[in-house]
Amino acid sequence: MRIGRNDPCPCGSGLKYKKCCLSKNLNNSQNTKDIYLKRYQIRLKSEKEIEGIAEAGRIAVATLDMIEERIQPGITTEEINTIVHEFTLKHGAVPAPLHYRGFPKSVCVSVNDVICHGIPGERHLKEGDIVNVDVTPILNGYYADCSKTFFVGEPDPDTAKIVAVAASCLKAGMEQARAGNRIGDIGWAIQGVAEPQGCSVVREFVGHGVGLEFHEAPQVAHYGKKGEGIVLVPGMVFTIEPMINLGRRNLRILDDNWTAVTADGSLSAQFEQTILITENGCRSLTPFPL
């Protein structure tokens with residue numbers, strides 16, 4: 001007889017199965033790694049692989065810390081690309097975005113109404129802008145992916161709001177990322193932060209598995225229903241990267257076939273971290289304060 005995740009746990013604890021032995025049964029199964037690979041194409045990571053991803057993550061976070069000090073009115077997005085590229089190489093890594101599926105630069109730089117995949121160029125940042133910098137170094141074959149949205153000068157109330165909401169959305173999603181929960185719980189939590197504040201969640205782009213490749217299974221939507229989706233188990237490594245718009249969630253892609261912008265011209269902000277599901281919750285492999 002199949003036990004539902006909301007049924008009483010058969011161990012007699014009085015708790016629901018999902019809050020008691022569900023994750024224990026998955027964690028203790030010798031076949032979990034094989035099952036997740038065969039059923040979902042999800043590669044649960046070994047301790048060695050986790051450490052390799054964490055090493056790449058340290059470079060990713062150091063890159064964001066470094067570039068934050070350089071962002072100021074007048075700098076071009078191309079200059080940001082050059083600084084990130086040289087910093088990555090200096091630390092023994094290579095930038096994953098460069099030439100990935102034809103992407104022409106080493107970093108995504110997304111300004112104001114650009115949701116994601118902004119291509120660096122001659123655009124000068126100006127006072128009051130917001131800019132997301134998304135970096136993915138490859139170190140010894142391991143990938144780590146993270147991004148932050150920065151203020152250029154002093155923010156006005158709208159820019160301050162959207163950046164704060166986006167950071168809170170990532171934090172809420174990470175709080176749901178624990179063994180025994182499901183992927184839908186992450187998106188549900190993100191919607192629960194953004195939408196009551198009049199913001200919207202972009203649905204066309206998702207978080208993703210990462211570590212041995214740039215993009216792996218599973219896809220992690222930033223919207224969803226609580227209790228739906230794949231059960232999270234220790235060893236899963238994926239990004240959570242909610243893209244939050246100040247206006248409507250609709251978008252359009254520019255003629256470069258990469259740059260996604262808000263359809264209504266409203267501001268968009270994003271924060272991203274690479275996380276590991278552990279026995280007791282999640283561990284960020286690209287940790288920075290939210």
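The count of cavities of 30 Å³ or more comes to one in this structure, which is a predicted model. As a reminder of the idea behind such a search, rolling a probe the size of a water molecule over the atoms shows where empty space is left. Here the largest cavity has a volume of about 40 Å³. Its lining is made up of Thr63, Val84, Thr88, Pro95, Pro97, Ser106, Val135, Thr136 and Pro137. Sorted by class, that lining holds five nonpolar and four polar residues, with no charged ones.

Let's turn to helix 6. This helix covers residues 183-194, twelve in number, and its first and last C-alpha atoms lie 18 Å apart, close to the expected 16 Å. Ten of the twelve residues are buried, so the helix is mostly covered. Among the buried ones are Ile183, Ile186, Ile190 and Val193, along with Asp185 and Gln191. The cover over these buried residues includes helix 5 (157-175) and strands 8 (200-201), 10 (216-220), 11 (237-240) and 12 (243-245).

One more residue deserves a visit: Gln273, which sits in strand 16 (residues 273-278). Is Gln273 buried or exposed? Its relative accessible area is 1%, under the 20% cut-off, so Gln273 counts as buried.

| Partner of the Gln273 side chain | Distance |
|---|---|
| Ser284, side chain | 2.4 Å |

Definitions and conventions
Residues are numbered from 1 along each chain as its sequence is written. This is a predicted model: local features need pLDDT of at least 70, side-chain atom pairs count only at pLDDT 80 or more; totals for chains, interfaces and linings use all residues. Side-chain values use heavy atoms; hydrogens and water are left out. Helices (H or I, at least four residues) and strands (E, at least two) are DSSP runs, numbered from the N terminus. The expected span of a helix is 1.5 Å times one less than its number of residues. Buried means under 20% relative accessible area, exposed over 50%, partly exposed in between (1.4 Å probe, protein chains only). Contact means heavy atoms within 4.5 Å. On a 1 Å grid over the protein atoms alone, a cavity is a set of points where a 1.4 Å probe fits but cannot get out, and a pocket is an open set with protein on both sides within 12 Å along at least five of seven lines; lining residues have an atom within 4 Å of a point. Grid points are joined across faces, edges and corners, and a volume is the space filled by probe spheres set on the points. Ala, Val, Leu, Ile, Met, Phe, Trp, Tyr, Cys and Pro count as nonpolar, Asp, Glu, Lys and Arg as charged, and the others, Gly among them, as polar. A polar contact is a pair of N or O atoms within 3.5 Å; within protein, one must be able to donate a hydrogen and the other to accept it, and residues adjacent in sequence count only if both atoms are side-chain atoms.
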